[in-house]
Amino acid sequence: MDGAWHEYQRWAEAIAEVVYPFRSEAVPAYLDVEEEDLHDIASAAGWEGPAKEGLRDAVLGVTVLEGKFSLTRLAEQASRWRRSLTQDLPPPWLPFQAITVLAAEAMGAADDGFNQNNYYARLCTLLRAPADSQEVRWEYTHRAEQMWGDLNRWLEGLEGRRGTPTAYSLSYRYVGLPLSQALVRAGDRRKFPVFFVQYGLPAGTELAPEAVERYLDAWFGSETCPMSAALQKLWQKGSARERISAVAAVELAGWDGTVLSHEAGSAPALQRIGLMAQLRRGFMGESLDLALTLRAAADDTFGAGVLVEGEGGEWMPVGLVPAVANVWRTSYSSGIDVSSVLEGVVRMKQAERPESLLTHHPRSIVPLVFDELQAAYVETERLQLNVESMLLVRASIKGGALVTGVEKALRSCARPGFAVVTSMDGLPSGWTLIAGVQLFGSPGPGTYNELVPLARDQLTIAGGMRIPSRIRKWSVASPPEVRASVESDTELKIVLSDAENLKDELHSWTAEGGALVVPLTDARLAIGDYSLALYAGSAKAPLQRATVRLRSADEVDSAWSLAPRLVYDLSQEGGPIGALSAPEMDPDGVPDVFIDGALAVGTTPWLPDEPTTAPRRVDWSSNHAASAPPIVRVGAAEPNSCVITGAHYLEYPTFMGGWQPKYIAGVCKFCGLAKRSPGWIPKHGQKKNADGNGMHVDVDALPPIETDSIRLWDAALDALMHLGGGPAEALSTVASQIDGSALFTSAFPIRMELLGHIAVERSELGAPQRWEISPSCLVVRGTRCLELVGFWPEASVAELLDRFAAPGLRLREERTEDQPTRRLLEGIEVGAVEVDPEPGCVVHDPCTSLLNALPALSAVAGAYPRVPMPGFTQAERFDVASASWVQTSDVSHPGAYRLTRGFERIHVFRSEADVMRRSTMQGPVHLVKYLAANALGRSLVAYLPKRQGVIVPLGCDLPGLYGRAVVLASGTLPRQMRLTGENNRRCLLYPSITPQQADLLVSLLTR
């Protein structure tokens, strides 16, 4: 028997190696045992005979004893596997599961003598048992959910490194599990992204299979559907629709937005123009940023060679930058007249391919749905259920009647709390923004097509702080909320269970109005995995299941140890660039001079003998008049445009009676816009609201939309501590959940870096590339107070409190809206901590020690590489006297310049030597400003003795670690203030700075 078990284990490891290899990206993984895969598995297992026979013999060797079939031994091995502390080995069920998948693949075979849907007869035959063996059937059904659950948990525990789980079943409780692996073959699964793009489904969206089925029905009915004839035939039969839809739902949840053109087949062209928006609502005010997007297949290349048609019919080059996956975009609101984008017909083409003309038609109502992958709102055909959305509505139509009508419709079917905004920075004149829209039902027939979702029933997990990872997980400090809407019944129920034991019901919530919102914060859940199930009416089978994974810094990510060890190296080897970027530390040695978190070791060789006295008054005058970039109008409005008339003239096919499709496609007579309307509205006998405006979903009882920015800040730091480090994209994903604007997402890494919580490795242009959480530091704040900076999970804080337990010891928290909560340990003798500093190093004066380690700014400029002066269409020079940009046509003088070419902006600094060599230094915007002042021997920094802080012009933030030094003096980010009197302008104040520290800072910046 031991020999049989070793043979079985070889097959298990071979299946893991071939079917679940380690991957660079987390993608849905299927136990797919097609002929080629089975051959590779047999080869990896060392089997030279027929692959299927070898697999079967290996399984029978451990499941048949004295002629009796039993899974008891596999169950015992699985129990030991679950109790083990390692997940290096795959679950022991794999070879037997492969046999169950082979049985599922055989369903529908016309020549095996069994009914098309007879699964168990085929499973018994594969196991060399009688076709009607109750023994095999009982053993499988008794163990099915446990074995497939073990496989899913194994993949989840590896956090997507071997793929993400796909074995789920809503109906056909036991048979549905292997069918989920076998029904849709790999070739067809690769074509699902074409379907997602065509129907505007955002990447990573978790939709109910019932909702996906409605989209798929329209797709399979189209003439351009690229799916295989076998799958299309299976869809038309109807019996497998739910299972195919479940596979598509899994694929959509794991999709990263990429589409390969060779997978499109005969589908419509993937390239299309759209709108993307980001909304900023924070301490810096409110604004709307709009951009044009261009989607193409991942293997299409363009960007520099794209032309856009101007208002006068001329074709102008447009600079596109990659967003995510295969979406390219213009810079937000950079030189584009957004009104012309909304009101005109936008045409774009590739310069070398005139036939590649793409057109974007204007709309009087523009729905935009939040896309987590792109961290922005993207234009869609219509709103979707339960997700964050916004609407741009033409306010001038019928004297504002369109806005009034849309607002009235939303009140009947959207969650309370949406905002109607008529004036905002970035909002085009004549348009109204309706922000914070969460649609929970349809407003009913005869209403605006953009407000009618294609789905009816939906469970959505959103909000909170989602941790960027291979799998979907949230910070336990800010868990998501659950949103559910059901239009197929009047009652709904949400059940929360332990993910490993679905029978262990932890919470349940019910509603009679067809809509329900559950903040999981109220459930006070601990770290772990949880299952959510949505039930409609009295149904015993759920409409949809979803998993919620909660993590924190107390349970770090599986890849935490792989994060780069980044340190700001200011030694002779590292050079002055270490003041702006933290390269990966050499494991063989420690630099002589470095900065790590709040700790600085060593002193700089560039330290001046005599410090320069910081100006005690402002040395810059009021702003010059801002130089406005030229506005480009793209697109021309047409007199009969629907955005002018206020209504589409949709032409639908004539209804001839008989079968009614689930979707009816109409084309606007004037603008050519195609719209799909769901055929299920209205449904016979379906209840309506008393006012007759909509379906039966009642949104009045839903809690209004609220956002706790302080909780999100704390959860953001918790998420970063959980991850430990990684690529810069993780920082953008975390930042976008606090404030989605491009300005904030670019400032977020700087803010966390200034506070000493993270180290950031940057490119020469200042763009973040990698990051790492800073080590645990204790910063002294007075004689009996320490501030926690860097990596401080709750368990370490509790350990610190236990270690220094003393009367009066307490942890005080200071909460603000623009940074994570400050945690201060009060009532502690600092000297006692110095005797035994673990955990965490103690730093007495971080501001002075950091300044002593930093180089003179001129040394930073000298260490930067030089490049030839780039071409540009517009130039602005930074005027040091007024600390503002002024337009210029002459860049042949030393100084800092902002260059514009297309929709791209570049910041450069030119010294006298650069001008002579016709070269320049490209760098971050704040750095080039201070270099311009440095070249003139002037200071943008002033010290205000009455406020005990340094002040700089707004937009002239202290660059790199110069900023960290002064921020760590107080532990707070700089705050805005306005000077009075002669210099009436907004500034940034860095508080709690001594005169000596201000002098040292100015010395470094002006030498």
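Student: Which residues are linked with Arg-781 in a network of salt bridges?
Tutor: Arg-781, Glu-787, Arg-810, Arg-812, Glu-814, Arg-822 and Glu-826 are linked in that network. A salt bridge here is a side-chain nitrogen of Lys or Arg within 4 Å of a carboxyl oxygen of Asp or Glu.

Student: What kind of model is this, and how are residues numbered?
Tutor: It is a predicted model, where local features need pLDDT of at least 70, side-chain atom pairs count only at pLDDT 80 or more, and totals for chains, interfaces and linings use all residues. Residues are numbered from 1 along each chain as its sequence is written, and side-chain values use heavy atoms, with hydrogens and water left out.

Student: How many salt bridges in the whole structure?
Tutor: The search finds 44.

Student: What does Glu-343 pair with?
Tutor: Glu-343 forms a salt bridge with Arg-394, with 4.0 Å between the closest N and O atoms. Glu-343 is in helix H14 (residues 338–343) and Arg-394 in strand E13 (residues 388–394), so the pair links distant parts of the chain, 51 residues apart. Helices (H or I, at least four residues) and strands (E, at least two) are DSSP runs, numbered from the N terminus.

Student: Are Glu-343 and Arg-394 buried or exposed?
Tutor: Both are buried. Buried means under 20% relative accessible area, exposed over 50%, and partly exposed in between (1.4 Å probe, protein chains only).

Student: Why is Glu-372 called partly exposed?
Tutor: Because its relative accessible area is 26%. Arg-472 has 16%, so Arg-472 counts as buried.

Student: Switching topic: how many helices and strands?
Tutor: The protein has 27 helices and 48 strands.

Student: How much of the protein is buried?
Tutor: Of its 1007 residues, 57% count as buried.
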